[in-house]
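Reader: I would like to learn how the words used for a structure follow from its values. Could we take them one at a time?

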Amino acid sequence: MLNNWKLIILLCLTLGLAPFFPEPHLWGKIKWIVGGAEGMTLKDWFDVVLHGTPFILLIRIVIVNLSAKITESSK
């Protein structure tokens with residue numbers, strides 16, 4: 001499941017970017033953190049983890065596949 005590209009892309013486009021309007025929730029939280037994260041509660045940090053996990057999984061699958069290709073080409 002963690003190596004399924006289609007599922008991870010679907011998670012990024014749905015959970016990762018929800019709600020879509022007026023801006024993706026994760027984008028607003030990242031701007032808040034970059035701005036100093038003043039006033040963020042535990043709920044807000046949980047939101048960052050919840051909406052950010054699909055993108056972490058996407059980065060992970062890219063790294064795993066690239067390292068497998070590098071290892072394969074060096075043989």
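Author: Let's start with His51, which lies in helix α3. Helices here are DSSP runs of H or I with at least four residues, strands are runs of E with at least two, and both are numbered from the N terminus. This is a predicted model, in which local features need pLDDT of at least 70 and side-chain atom pairs count only at pLDDT 80 or more, while totals for chains, interfaces and linings use all residues. Residues are numbered from 1 along each chain as its sequence is written, and side-chain values use heavy atoms, with hydrogens and water left out.

Reader: Why is His51 called buried?

Author: Buried means under 20% relative accessible area, exposed means over 50%, and partly exposed is in between (1.4 Å probe, protein chains only). His51 has a relative accessible area of 9%, so His51 is buried.

Reader: Which residues is His51 in contact with, leaving aside its neighbours within four places in sequence?

Author: They are Leu15, Gly16, Ala18, His25 and Leu26. Contact means heavy atoms within 4.5 Å.

Reader: What makes Asp44 and Lys29 a salt bridge?

Author: The term asks for a side-chain nitrogen of Lys or Arg within 4 Å of a carboxyl oxygen of Asp or Glu. For Asp44 and Lys29 the N to O distance is 2.7 Å, so the pair meets the definition. Asp44 lies in helix α3 (residues 42-73) and Lys29 in helix α2 (residues 25-34), so the pair ties together parts that are 15 residues apart in sequence.

Reader: Are Asp44 and Lys29 buried or exposed, and how do you know?

Author: Asp44 has a relative accessible area of 8% and Lys29 has 7%. Both count as buried.

Reader: How do you know that Lys29 and Asp47 also meet in a salt bridge?

Author: Their N to O distance is 3.8 Å, which is within 4 Å, so the name applies. This pair links distant parts of the chain, with Lys29 in helix α2 and Asp47 in helix α3, 18 residues apart. Through shared partners, salt bridges join Lys29, Asp44 and Asp47 into one network.

Reader: How many salt bridges does the structure hold?

Author: Three. One of them brings together the side chains of Glu23 and Lys31, at 3.0 Å from N to O.

Reader: Why are Glu23 and Lys31 called partly exposed?

Author: Glu23 has a relative accessible area of 28%, and Lys31 has 42%. Those values fall between 20% and 50%, so both residues are partly exposed.

Reader: What makes Trp32 partly exposed?

Author: Trp32 lies in helix α2, and its relative accessibility is 30%, so it counts as partly exposed. Not counting residues up to four places away in sequence, Trp32 touches Ala37, Glu38, Gly39, Met40 and Asp44. From C-alpha to C-alpha, Trp32 and Asp44 are 9.8 Å apart in space, and they are twelve residues apart in sequence.

Reader: How does the radius of gyration of the protein chain compare with that of a compact globule?

Author: The radius is taken over C-alpha atoms, and the globule rule is 2.2 Å times the number of residues to the power 0.38. A compact globule of 75 residues would be near 11 Å, but the protein chain has 16 Å. Its C-alpha trace spans about 50 × 25 × 20 Å along the principal axes.
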